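Visitor: I would like to take a close look at one part of this model, and then follow you to a few other places in it.

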Amino acid sequence: MRSPAAVGYDGARVGQGSCGKGDGTWARSGRGARRVNNLVFTALVGASSLVAGFLGSLTGLGGGVVIVPLLALAFGVDVRYAIGASLISVIATSSGAAAAFVKEGFSNIRIGMFLEIATTLGAIVGASLAAVLSTSVIAVVFGLVLVYSAFLSSRPRDEVAPAAAQDPLAALLRFDGAFPGPAGPRPYKVQRVPAGFGLMAVAGGLSGLLGIGSGAVKVLAMDHTMRIPFKVSTTTSNFMIGVTAAASAGVYLSRGYIDPGLAMPVMLGVLAGSTVGARVLVGARTVVLRRVFALVILVLAVEMIYNGFSGRL
Amino acid sequence: MARPWSDFRIEQTVGNLLRNGVIAAAAVVAAGAVVFLVRHGAEPPHYGMFRGEPSDLRHVGGIVADARAGSARGLIQLGLLLLIATPVARVAFSVVGFALEGDRVYVAVTLVVLAVLLFSLAGGHL
């Protein structure tokens with residue numbers, strides 16, 4: 001783990017044009033500022049993103065959730081640039097992982113496509129809110145979502161018993177399906193579609209506001225509310241994350257949140273890390289690792305909330 | 001090739017589309033990264049204060065123009081644009097897939113999602 005104070009840089013390019021008020025952003029956070037160049041910065045951010053992507057994929061929590069706190073707290077990057085870069089990495093890992101899962105027949109394209117109406121609309125609302133809210137508020141909301149993610153990941157996911165009754169809406173939308181199991185295809189029926197749809201809109205909103213995949217809220221919607229078996233919900237949610245993030249990305253791009261120099265090492269690092277992580281995952285014992293990663297997330301959550309309330313982010 | 005379009009076949013094609021899109025995007029970003037670090041590696045980064053990107057890096061036309069002009073940041077941004085376009089292309093393909101299956105409900109559902117995505121990429125927000 002990198003200590004938050006280990007790296008810093010002087011964010012001020014004095015006399016470089018449009019910024020009227022001069023420097024001081026970095027000094028404001030009170031951490032030791034050390035001037036590094038783009039080469040060193042890219043290498044450090046790339047290496048950190050690689051580790052984040054690796055752990056995120058190994059634990060199933062996604063790398064995106066630690067990218068924003070990492071960039072904001074350890075590298076002194078403005079929260080808006082950080083969520084832009086994080087969102088890009090979310091699209092990369094989601095599309096990469098979805099490619100594998102879709103082919104294995106676990107994800108349900110119909111459920112995914114229908115719920116994407118909710119997540120993409122939510123994402124545009126969230127991404128638009130990101131432009132209005134102060135970065136302190138965003139940091140606090142981010143911290144709360146991190147706490148919830150850490151809580152969820154510290155508990156084992158229990159498989160809900162398949163229900164006999166069926167939501168008529170699910171039948172109309174042809175949601176019910178089967179997924180490959182050890183003893184042949186296992187059928188499932190989908191419950192409470194409207195409630196799930198509403199929760200997915202919230203998940204999309206958080207994704208757009210915070211630049212994350214918000215897998216934790218999607219689990220709540222798909223596993224607990226709609227009662228989709230978790231193999232199907234995990235892979236379908238992964239499949240949807242890329243589309244949801246693409247909806248926010250359009251807003252971020254036009255607002256100037258996506259900086260190529262910053263997004264580049266984050267995207268390549270997370271992508272490489274998660275690809276390796278997915279290979280290692282088969283047969284790896286991840287219980288201890290999940291706990292450790294959950295603890296890291298909790299610490300980052302406290303830092304985000306603290307810095308948000310004290311106005312440092 | 002008179003094979004009917006099934007969910008399975010759509011899923012296989014979508015899987016390939018996603019993978020190739022990500023690989024292509026990563027390749028363009030990596031190429032841009034080399035140019036960026038060679039030209040600007042010694043300069044200090046400047047992400048501590050939010051200024052927003054210059055207007056040409058905020059929309060499709062400007063990004064393509066910058067990349068063609070050989071700008072390193074433009075080239076990376078073009079790769080990121082390819083990445084963003086990958087899930088959009090997936091949705092567009094799904095419209096065709098569901099149409100070939102004759103599933104009108106899902107053609108409509110998918111068209112709504114595509115419309116939301118295109119609205120966002122065209123610079124729309126609330």
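Visitor: Which residue is the bridge partner of A:Gly181 in strand 2 of chain A?

Guide: Please keep in mind that this is a predicted model. The bridge partner of A:Gly181 is A:Gly184, which belongs to strand 2 of chain A. To place this pair, look at strand 1 of chain A, residues 177–181, and strand 2 of chain A, residues 184–188, which pair in the antiparallel sense over 5 bridges, while a hairpin through 2 residues joins strand 1 of chain A to strand 2 of chain A.

From there we can turn to the contact between the chains, which takes 63 residues from chain A and 58 residues from chain B. On the side of chain B that touches chain A, helix 1 (7–40), helix 3 (72–101) and helix 4 (104–121) of chain B each supply at least two residues, and helix 1 of chain B gives the most, with 18 residues. Sorted by class, that side of chain B has 33 nonpolar, 17 polar and 8 charged residues.

Two of these helices also pack against one another: helix 3 of chain B and helix 4 of chain B have their axes 9 Å apart and meet at an angle of about 155°, which means that helix 3 of chain B is roughly antiparallel to helix 4 of chain B, since angles over 145 degrees count as such. Their crossing is left-handed. In this contact, residues of helix 3 of chain B, including B:Val88, B:Val95 and B:Phe98, meet residues of helix 4 of chain B, among them B:Tyr106, B:Leu114 and B:Leu121, and by class the contact has 13 nonpolar, 2 polar and no charged residues.

Definitions and conventions:
Residues are numbered from 1 along each chain as its sequence is written. Chains are lettered from A and ligands numbered from 1 in the order in which they are written. This is a predicted model: local features need pLDDT of at least 70, side-chain atom pairs count only at pLDDT 80 or more; totals for chains, interfaces and linings use all residues. Two strands pair if DSSP finds at least two bridges between them. Helices (H or I, at least four residues) and strands (E, at least two) are DSSP runs, numbered from the N terminus. Two residues are in contact if their C-beta atoms, placed from the backbone, lie within 7 Å. Ala, Val, Leu, Ile, Met, Phe, Trp, Tyr, Cys and Pro count as nonpolar, Asp, Glu, Lys and Arg as charged, and the others, Gly among them, as polar. Axes are lines fitted to C-alpha atoms, for helices over the stretch in contact, and angles run from 0 to 180 degrees between N-to-C directions. Angles under 35 degrees count as roughly parallel, over 145 as roughly antiparallel, 65 to 115 as roughly perpendicular and the rest as oblique. A crossing is left-handed if the near helix is turned anticlockwise from the far one by less than a right angle, and right-handed if clockwise.
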